[in-house]
Number of protein chains: 2
Amino acid sequence: MQLVQDSPASAPSTRRSAGFGRRLAERLLTALGNPPVRLLLWSGETVTTAREPPLVTLRIANRATLLRLMIDPDMQFGEAFTDGRIECVEGDLVRGLEAAFRGSAPGPDAHGPGAKRWARAVALLRRNTLSGSRRNIHAHYDLGNDFYRLWLDPTMAYTCAYFATESMTLHEAQIAKMDHVCRKLRLRPGDEVIEAGCGWGGLALHMAGRYGAKVRAFNISAEQIDYARDSATRAGLKGQVEFIHDDYRNIAGSADVFASVGMLEHVGVGNYENLGRIVRRALRPGGRGLIHTIGRDAPEPLNRWMERYIFPGACAPSLGQMSRIFEPNSLSVLDVENLRLHYARTAGCWLNAFEQARESVTKMFDERFVRMWRMYLAGTQAAFLSGDLQLFQVLFAPSRSNDIPRTREHIYRVGAPA
Amino acid sequence: MQLVQDSPASAPSTRRSAGFGRRLAERLLTALGNPPVRLLLWSGETVTTAREPPLVTLRIANRATLLRLMIDPDMQFGEAFTDGRIECVEGDLVRGLEAAFRGSAPGPDAHGPGAKRWARAVALLRRNTLSGSRRNIHAHYDLGNDFYRLWLDPTMAYTCAYFATESMTLHEAQIAKMDHVCRKLRLRPGDEVIEAGCGWGGLALHMAGRYGAKVRAFNISAEQIDYARDSATRAGLKGQVEFIHDDYRNIAGSADVFASVGMLEHVGVGNYENLGRIVRRALRPGGRGLIHTIGRDAPEPLNRWMERYIFPGACAPSLGQMSRIFEPNSLSVLDVENLRLHYARTAGCWLNAFEQARESVTKMFDERFVRMWRMYLAGTQAAFLSGDLQLFQVLFAPSRSNDIPRTREHIYRVGAPA
């Protein structure tokens with residue numbers, strides 16, 4: 001974490017360059033809305049423009065880093081953090097990022113176009129996604145099951161958990177999430193389910209093992225499918241769950257239930273209408289569907305650093321964008337729930353576990369990789385805390401179906417699972 | 001109900017015109033997807049193309065009525081029903097309309113463009129709205145409080161009720177709806193509320209009387225405002241509720257809570273972004289908002305008969321259309337609930353009460369008015385039963401607010417109000 005590759009923090013600087021750096025740094029912070037952040041410059045000077053005490057101190061390794069930030073902030077903030085040219089030397093990185101994100105809010109909270117441009121410098125982590133898509137698979141899942149096992153909970157769920165009670169552990173909350181989804185879908189023994197983008201298979205196995213459903217689960221990651229098939233064998237659920245190594249676009253046949261948890265982020269808005277057509281075709285007349293996805297309050301393009309290094313091709317859609325799935329395809333939205341703060345807590349658990357496993361991760365990869373993933377996980381938590389990212393669960397049914405529960409009370413009737 | 005104004009049903013007809021009428025009637029029913037409807041022609045012939053027994057028998061008074069239906073179905077079906085040239089002589093009008101609406105579903109259930117065109121003939125009632133808008137006020141609320149008192153429940157709520165338990169009466173369900181809204185908004189004593197489009201003031205008085213809120217409620221109907229002020233005085237709530245005779249566009253000041261139940265239908269999609277701006281400006285940082293509106297699964301223009309005679313200028317928006325309120329204005333959607341079948345039951349209660357009060361209504365107006373309102377209320381119930389109309393409650397908050405409950409369990413924790 002503390003490595004500085006370009007130039008040491010102890011490099012001598014002239015008074016003139018120090019003054020220049022200070023002015024640049026002040027301009028950056030002012031444009032960001034004066035967040036409670038302190039910058040420690042290569043000269044040893046510290047700069048803050050906030051009235052309140054700083055939540056975090058970020059060391060900027062050299063003048064070139066500050067200049068690069070001004071030229072191409074979207075890409076350079078992430079690059080510099082990964083290189084170690086920007087480091088968190090004091091305080092809480094997540095709270096500092098959250099404060100910076102809050103300062104860069106669009107709409108009534110924003111600070112003009114200058115602020116918006118600069119905001120991108122630290123807001124590069126506002127977007128991220130957590131499963132699916134062919135390119136993403138390569139960038140993300142080829143890292144290997146052993147890596148994810150180090151910091152995910154035992155269900156290997158790599159999506160937002162649901163902390164049904166305040167005291168739940170991450171593992172309990174991931175199981176509670178699966179139950180929350182199954183209750184919304186009113187899953188019954190014998191129900192036939194199609195799952196699109198099944199990750200390591202946790203939800204499919206839960207639906208089969210706890211609810212007696214028959215599940216066909218699709219995924220284009222060979223490594224995840226292998227893992228899921230092994231799990232099915234170990235759990236004695238091979239007869240009830242079929243893990244299919246294929247794209248959602250090749251889903252055939254019909255089902256009572258369609259579920260997709262953490263795949264939509266990789267589908268691409270242009271493919272939403274087609275996804276809806278596939279779902280509508282698959283759903284029987286009394287069927288139910290649920291899509292769980294990272295989203296946003298308004299459409300925005302993906303940050304370039306995030307797209308390049310973390311999730312190629314990903315998009316966190318707004319509800320208006322998501323309506324392209326449902327509206328052209330006679331699908332009726334019954335229930336939308338926003339679980340944003342549950343994702344903040346989930347990402348916080350992952351970040352803690354990741355830091356605990358830092359030595360193992362460093363051995364598997366290197367320090368640079370650790371810094372990149374720290375930035376990604378901290379930024380994810382900050383983005384959900386600040387409201388830059390949302391988590392939508394959308395329940396729907398064919399437009400003509402009257403097989404609709406009178407109230408949503410049934411979702412809350414049962415206590416947290418054992 | 002049984003009056004036929006243009007030409008008596010007993011008018012003699014030649015064999016030739018009877019055969020022509022039969023062929024026309026068959027073509028109509030076939031194009032509609034062969035719903036379980038029987039047509040009784042002026043010649044005394046009955047026509048049905050359905051395999052199952054008919055749910056309803058509609059008498060067509062004369063050949064001219066059938067021909068007009070073919071030329072301008074959108075307008076002529078409603079005109080003919082209002083005139084008594086189309087009558088329900090047997091069976092259940094609501095179930096018959098529902099079946100016809102189901103046959104005319106857009107998307108995968110549809111029967112081609114010919115069917116769609118014909119579908120409009122009976123689907124004219126698919127759209128309707130239940131409050132607000134300046135023109136609507138004149139068309140609708142100038143009918144007088146005495147008229148609405150005949151068939152609304154004592155709260156005078158003219159919006160979808162919430163049947164929290166199966167056995168609730170309409171009156172209980174209207175109070176349960178108000179509690180449902182207040183619980184979603186986590187209304188607390190001392191909260192300042194702005195209500196846009198307050199009808200006869202039932203929700204505002206409930207918020208003040210049961211929850212200790214301070215409410216400023218806006219409405220452009222002078223007659224409703226007078227009624228609401230009288231109610232406030234009788235309830236001893238004048239100090240807590242201010243009824244303001246003004247348009248939502250003139251809302252000033254700030255509040256903890258924004259609520260609008262049954263007004264959006266009359267705002268017009270083109271004004272949604274401006275409505276959202278007004279709401280965003282009014283809401284304090286930790287504020288909460290709720291919009292309750294009739295909606296649709298996909299955008300569609302208003303039926304001409306309905307717009308001309310029942311609700312001028314109204315629109316039942318899709319969720320995609322509603323996103324124009326929230327997305328440009330830094331408002332975060334927290335919860336969407338679709339209560340469509342609650343509206344079907346509400347409209348059924350109104351229709352029953354309306355039929356009970358038929359003699360009084362006839363004395364107030366005339367037979368023609370009774371037929372028009374029967375058509376409107378029956379069509380409303382059928383549209384919600386068939387899925388042609390939806391009822392959305394959308395809960396939202398400023399994007400940066402983290403004053404969000406962890407779960408929605410609190411909405412269901414409390415039993416139905418006494």
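Analyst: In this predicted model, Thr65(A), Arg68(A) and Leu69(A) of helix α2(A) meet Pro73(A), Gln76(A), Phe77(A) and Ala80(A) of helix α3(A). Two residues are in contact if their C-beta atoms, placed from the backbone, lie within 7 Å; helices (H or I, at least four residues) and strands (E, at least two) are DSSP runs, numbered from the N terminus. The residues of this helix contact comprise four nonpolar, two polar and one charged. Here Ala, Val, Leu, Ile, Met, Phe, Trp, Tyr, Cys and Pro count as nonpolar, Asp, Glu, Lys and Arg as charged, and the others, Gly among them, as polar.

Residues are numbered from 1 along each chain as its sequence is written, while chains are lettered from A and ligands numbered from 1 in the order in which they are written. As the model is predicted, local features need pLDDT of at least 70 and side-chain atom pairs count only at pLDDT 80 or more, whereas totals for chains, interfaces and linings use all residues.

Between the chains, the contact takes 41 residues from chain A and 41 residues from chain B. On the side of chain B that touches chain A, α13 (319–326), β10 (331–338) and α17 (409–413) are the elements giving two or more residues. The largest share of that side, eight residues, belongs to β10(B). Its residues as a whole divide into 16 nonpolar, 14 polar and 11 charged.

Strand β10(B) also pairs with β10 (residues 331–338) of chain A, in the antiparallel sense over three bridges; pairing requires that DSSP find at least two bridges between two strands. Within β10(B), Asp335(B) is the bridge partner of Glu337(A).
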